[in-house]
Every structure is written in structure tokens, then in C-alpha cells.
Amino acid sequence: MKKQVLALAFITLGLPALAQMSPVGLWRSIDDNTGAARSEVRIVDSGATGMQGKIEKRLTPGVKPEDVCEKCDDDRKAKPIQGLEIIRGAKKAEGKDVWEGGKILDPESGREYGLKMTPIEGGKKLDLRASFGPFGRTQTWIRIE
């Protein structure tokens, strides 16, 4: 009986750690050039359509709540950047803690890039690889919740 109680306790305590090995949550995006916080992005799993991420809060000094995505050329054109969906369609790779096949939007340039997301450090951080053909760069975001 003691073994069953201990096993249940370990499973219960371990579940939050397992749940964290996913991009789902609220993240602080960090500029890979300056190291400054840029925004808070909430990523949710939308089932068959994959992961979606929206900017909940912009942290860059001087930005205005009424700023819109002027350079976007799809359904996000002229939409407010705060609340804008910047991540679309990433799905979990078979047998890996990696989400890929989606797109990420840079609202400042209006460009969309291929996306690969990998939780690291037990899910406390998220490596986002944005790529265009053979070129790309990686940002590491920090989990807020």
C-alpha cells in the first residue's frame, strides 16, 4: 500500500513537469540581438490546426497600443499588433518534443517565416527557430506561466 501511495505521489508531482515540455503557455520574447524583452506571447494548442500564438503585451519602449501591422499582406493587415496572431500551425513532431511546420510572423517587417519550437531546460525556456529557405535564426523565449 505504501508503494502505491508513493508511486501516485511521484506521478502527481511529475505531471506538471511533463506538461511544461510543450510550447503552450505565456512566454516573454527576447530580442536575440539586444537581449531586451520585446513582448509577451500566449501560445495555445488549437487541435487540428496546430499551435497558435498571440501577442498579449508589447514591452518595447515607445510602442503604442494603436500600432497596427502595416506591412502584413494577409488577413492581419492593418490589425493591432497587440492581440495579433503571430504563430500559426506548428504541430508536434512524431516522438519528439519539437513543434514544426508552422509559421511565425514578424509584425514589424510583415514577413512570415518557417517555424520550429523546442522547449528546453525542462520547459522553462523555448527555442524558436525562424527560417526562410536555408537562412534562419533562433530566439530563446522565457516561460512566464
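Tutor: Happy to! Let's begin with D67, which counts as partly exposed because its relative accessible area is 23%, and partly exposed lies between buried, under 20%, and exposed, over 50% (1.4 Å probe, protein chains only). Keep in mind that this is a predicted model, where local features need pLDDT of at least 70, side-chain atom pairs count only at pLDDT 80 or more, and totals for chains, interfaces and linings use all residues. Residues are numbered from 1 along each chain as its sequence is written, and side-chain values use heavy atoms, with hydrogens and water left out.

Student: What makes D67 and R58 a salt bridge?

Tutor: The N to O distance between their side chains is 3.1 Å. A salt bridge needs a side-chain nitrogen of Lys or Arg within 4 Å of a carboxyl oxygen of Asp or Glu, so the pair qualifies.

Student: And why is R58 called buried?

Tutor: Because R58 has 18% relative accessibility, it falls under the limit for buried.

Student: How many salt bridges does a search of the whole structure find?

Tutor: The search finds 13. In another of them, the side chains of R76 and E112 meet at 2.7 Å, N to O. R76 lies in the loop between β3 and β4 and E112 in strand β6, so this pair ties together parts 36 residues apart in sequence. Strands are DSSP runs of E with at least two residues, numbered from the N terminus.

Student: Are R76 and E112 buried or partly exposed?

Tutor: R76 is buried, because its relative accessibility is 2%. E112 is partly exposed, because its value is 33%.

Student: Which residues does E85 contact, leaving aside neighbours within four places in sequence?

Tutor: They are Q52, G53, K54, R76 and L105, where contact means heavy atoms within 4.5 Å. E85 sits in strand β4, residues 85-92, and is buried because its relative accessible area is 12%.

Student: What makes E85 and Q52 a polar contact?

Tutor: Their side chains come to 3.1 Å. A polar contact is a pair of N or O atoms within 3.5 Å; within protein, one must be able to donate a hydrogen and the other to accept it, and residues adjacent in sequence count only if both atoms are side-chain atoms. The distance of 3.1 Å therefore meets the cut-off.

Student: Which residues are linked in a network of salt bridges?

Tutor: D31, R38 and E108 are linked that way.

Definitions and conventions:
Helix = DSSP H or I, 4+ residues; strand = E, 2+ residues; numbered from the N terminus.
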